[in-house]
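Here is a briefing for a reader new to this structure. Look at the fold as a whole before turning to the points below.

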Amino acid sequence: MSHLGDPNRTRRWLVMVDGSAVSGKAFDAVCAFINVQHTKGGIDDLTVMHGVDPAVDEQKPFHLRAHRILSSYENNFIKAKRHYDASGKGHMETRVQSQVFDGKGPSVPVAQLAWAKSPANTEEAPPVIAALLEGVKTVHPDFVFMGSFGTGGKKVGANGSVTDYLIRLVNSTVVVIKHWRPVPKPEDSATFVVAVDDSPASLKSLEQILILAKKTDKIVGVTVSRHKGPKDDKIIEEASKVISAHSGHNSPSINVTWKPLVEGSGTAAQVLVDAGEEMEADYLVIGSVNTAHGAKHRDNITVLGSTALFVSSHSKCHTIIVKPPVPKND
């Protein structure tokens, strides 16, 4: 597969919508990222996906019914393409996709899903999750955008149940948009705080954001430990190598810093969440698992590690969870 930064490749984007305001913000966010990328050439393929239970859908208010939601995004595509075509040398393809499910059907054992197979996983997912995951498989997206909660309610610092399942089970990099945080417009500068440690997954996170960011953005890599030592210096050195490999005339502002894990500050995950607030980050970026410390031995590593799970649930910043490639079965 071609590299994400390859100007000749197809970049695949998917956004989950449900008629809520925050899913509308997720659509705005994906369009902002696409508009940054399109100047690099290639094709940007955008899918808007909605899960629908027909029996429940007909009882909903008109503006929340599936056909109304999807038709509104067909109209939004017109505006998105107009902005996309105004400059740049890429090509944009769009579509809406409805995933039908029976809400009264049985829960689906997660361990039986091919993309989340693990003999130790006894979790069950509601039918809507299985339907959406099947839809994700047909798109093969590089990125999946979604709101932190849907039409069912909201709580600052927490994700809704559908978002909670998807960020753990989707194989692609996931972008969770928070209701209370503005989404930077394409012409605005964005700040990305990237969690960096000694795992390949964290360097992958840094590399991916270097590709996604524009010249006017700011990227801050953050590593956390109780006492700064040779290990932290090595992490910063490795991160600097990634930065150098992607440096150029259009590179954003980048630096890597160390944050102390002091008594009373909580876990490293809490320090990262606090760093995002302190630096007024728009996006807090983290690898889904630390593949340097045992996660690579799991049957499947799409499930989030404890640090990524905490950050995605507690950060008030929009959160980007970078997933490592799923190992192929022998």
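Which strands does helix α4 lie across? Helix α4 (residues 127-139) lies across β1 (10-16), β2 and β3, and runs at about 150° to β3. Axes here are lines fitted to C-alpha atoms, for helices over the stretch in contact, and angles run from 0 to 180 degrees between N-to-C directions.

This is a predicted model: local features need pLDDT of at least 70, side-chain atom pairs count only at pLDDT 80 or more, and totals for chains, interfaces and linings use all residues. Residues are numbered from 1 along each chain as its sequence is written, and side-chain values use heavy atoms, with hydrogens and water left out.

**Overall make-up**

- The protein chain has nine helices and twelve strands. Helices (H or I, at least four residues) and strands (E, at least two) are DSSP runs, numbered from the N terminus.
- Of its 330 residues, 52% count as buried. Buried means under 20% relative accessible area, exposed over 50%, and partly exposed in between (1.4 Å probe, protein chains only).
- The protein chain exposes about 15,300 Å², and carbon and sulfur atoms supply 52% of that area. Accessible areas come from the Shrake-Rupley method with a 1.4 Å probe; for residues, only the protein chains shown count as cover.
- Among contacts with a separation of 6 or more, 77% involve residues 24 or more positions apart. Contact means heavy atoms within 4.5 Å.

**The sheet**

- Ten strands form an open sheet with mixed pairing, in the order β3-β2-β1-β6-β7-β12-β11-β8-β9-β10. Two strands pair if DSSP finds at least two bridges between them.
- The edges are β3 (91-100) and β10 (253-260). Each has a single partner strand, so one side of each is left without a neighbour in the sheet.
- From one strand to the next, the twist averages 20°.
- Strand β2 (residues 43-52) and β3 run parallel, joined by ten bridges. Aspartate 45 stands opposite glutamate 93 in β3.

**Nonpolar cores**

- The largest nonpolar core has 44 residues. Such a core is a set of buried Ala, Val, Leu, Ile, Met, Phe, Trp, Tyr and Cys residues joined through side-chain atoms within 4.5 Å.
- Helix α1 (residues 21-37) gives the largest share of this core, seven residues.
- The residues with the most contacts inside this core are Trp13, Val15, Leu46, Phe145, Phe192, Tyr283 and Ile320.
- Tyrosine 283 touches residues including Ala29, Phe33, Val175, Phe192, Cys317 and Ile320, not counting residues up to four places away in sequence.
- A second, separate core of 39 residues includes Leu14, Leu133, Leu166 and Ala281.
- In soluble globular proteins, nonpolar side chains tend to be buried together.

- Valine 322 is found in strand β12 (residues 318-322). Its relative accessible area is 1%, so valine 322 is buried.
- Among the residues that valine 322 touches are Thr173, Lys204, Gln208, Val285 and Ser288.
- Glutamine 208 is 114 residues from valine 322 along the chain, but their C-alpha atoms are separated by 8.1 Å.
- In helix α9 (residues 306-314), the buried residues are Ala308, Val311, Ser312 and Ser313. What covers them includes α5 (161-169), α8 (268-278), β11 (283-287) and β12.

**Salt bridges**

- A salt bridge is a side-chain nitrogen of Lys or Arg within 4 Å of a carboxyl oxygen of Asp or Glu. By this rule the count is twelve.
- Aspartate 198 and lysine 231 meet in a salt bridge through their side chains (3.8 Å, N to O). The pair links distant parts of the chain, 33 residues apart: aspartate 198 is in the loop between β8 (191-195) and α6 (200-212), and lysine 231 is in helix α7 (residues 230-245).
- Aspartate 198 is partly exposed at 33% relative accessibility, whereas lysine 231 is exposed at 51%.
- Aspartate 217 and lysine 214 form a salt bridge (2.9 Å, N to O). Both of these residues are buried.
- Lysine 241 and glutamate 237 also form one (4.0 Å, N to O). These two are four residues apart in helix α7, so about one helical turn separates them.
- Lysine 241 is partly exposed at 45%, and glutamate 237 is partly exposed at 40%.
- A network of salt bridges links Lys234, Glu237, Glu238 and Lys241.
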